[in-house]
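Here's a quick tour of a protein with a ligand in it. Have a look at the model first, then we'll walk through a couple of spots.

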Amino acid sequence: MKIFLDSADINEIKELCKTNLIDGITTNPSLIAKSGGNILDVIKEICGLVSGPVSAEVTAINHKDMMMEAEKLLNLAENVTIKVPLTSDGLLTCKELSKNNVSVNVTLCFSSSQAILAAKAGATFISPFVGRLDDIGQNGLDLIYDIVEIYNNYNYKTQVLVASIRGVNHVIESAKIGADVVTIPTKTFKEMFNHPLTDKGLKAFLSDWQDTGQSIL
Ligand code: E4P
């Protein structure tokens with residue numbers, strides 16, 4: 001399973017990319033707004049930090065303007081993935097871009113029927129939002145089960161990119177279901193490293209080692 005970072009914070013991205021465990025980045029208009037930077041500058045800089053796909057979202061709501069925005073975003077770097085909302089215009093844009101071999105991430109997916117349409121529109125990634133479904137009392141992970149099953153039934157090439165992740169459990173469950181990608185906030189990525197028994201075990205090993213007076217180097 002690939003791990004993308006859901007962030008537009010340059011410092012955060014720089015820090016976590018040093019782990020060599022980050023396969024790509026997703027951004028959205030809210031994250032760009034939070035970064036305080038200009039979208040074109042921010043996306044360009046992020047693209048220089050990672051070799052994997054960087055999702056940059058269009059903000060237009062009609063197909064014609066989405067195409068013009070996509071063109072501008074695509075000129076920034078080779079690893080730009082165009083992110084479009086799951087609307088009729090968004091899918092029209094997806095179809096046209098994917099026909100020209102442009103990588104497209106269809107975002108704001110909350111149902112299996114939407115995911116089917118995105119696959120038919122040639123999306124590279126579909127982004128179902130698990131956390132926001134949980135927030136309204138539904139089980140977001142059920143949607144991931146359903147989309148993975150449907151895509152497998154028809155051998156759709158669209159990758160299931162689990163978004164709106166709220167914690168490590170969402171990551172583990174997405175991996176168990178067989179999702180292709182998770183996009184996670186920094187906090188969740190850092191939490192993935194942690195286990196109290198790792199800390200306790202390391203402390204004991206280091207203490208026993210110190211008692212031997214040995215050194216490997
Ligand atoms: C996905 O691409 C979105 O940027 C993101 O995962 C949304 O997450 P949120 O529901 O925490 O805002």
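Which residues form one aromatic cluster?

## The tyrosine cluster

That would be Tyr151, Tyr154 and Tyr156. Keep in mind that this is a predicted model. Searching the whole structure turns up 5 aromatic pairs. Take tyrosine 151 and tyrosine 156: their ring centres are 5.5 Å apart and their planes sit at 85 degrees, so this pair counts as edge-to-face. The cut-off behind that label is a plane angle over 60 degrees.

The two partners differ in how much cover they get. Tyrosine 151 is buried, at a relative accessible area of 3%, whereas tyrosine 156 comes out as partly exposed, at 25%.

## Around the ligand

Now over to the ligand. The space it takes up is the largest pocket. Around the ligand you'll find Asp6, Thr26, Asn28, Lys83, Phe129, Arg132, Ala163, Ser164 and Arg166. Sorted by class, that shell has 4 charged, 3 polar and 2 nonpolar residues.

## Polar contacts and burial

As for cover, the ligand taken alone exposes 350 Å², and the protein buries 84% of that.

Conventions:
Residues numbered from 1 in each chain as written. Predicted model: local features only at pLDDT ≥ 70, side-chain atom pairs only at ≥ 80, totals over all residues. Heavy atoms only, no water. Near = heavy atom within 4 Å. Areas by Shrake-Rupley, 256 points an atom, 1.4 Å probe, with all protein chains shown as cover. 1 Å grid on protein atoms, 1.4 Å probe; cavity = no way out; pocket = protein on both sides within 12 Å on 5 of 7 lines; lining within 4 Å. Sits in = over half its atoms within 2 Å of the grid points. Nonpolar A, V, L, I, M, F, W, Y, C, P; charged D, E, K, R; others polar. Phe/Tyr/Trp six-rings, centres within 6.5 Å; stacked < 30°, edge-to-face > 60°. Buried < 20%, exposed > 50% of the residue type's maximum accessible area, 1.4 Å probe, protein only.
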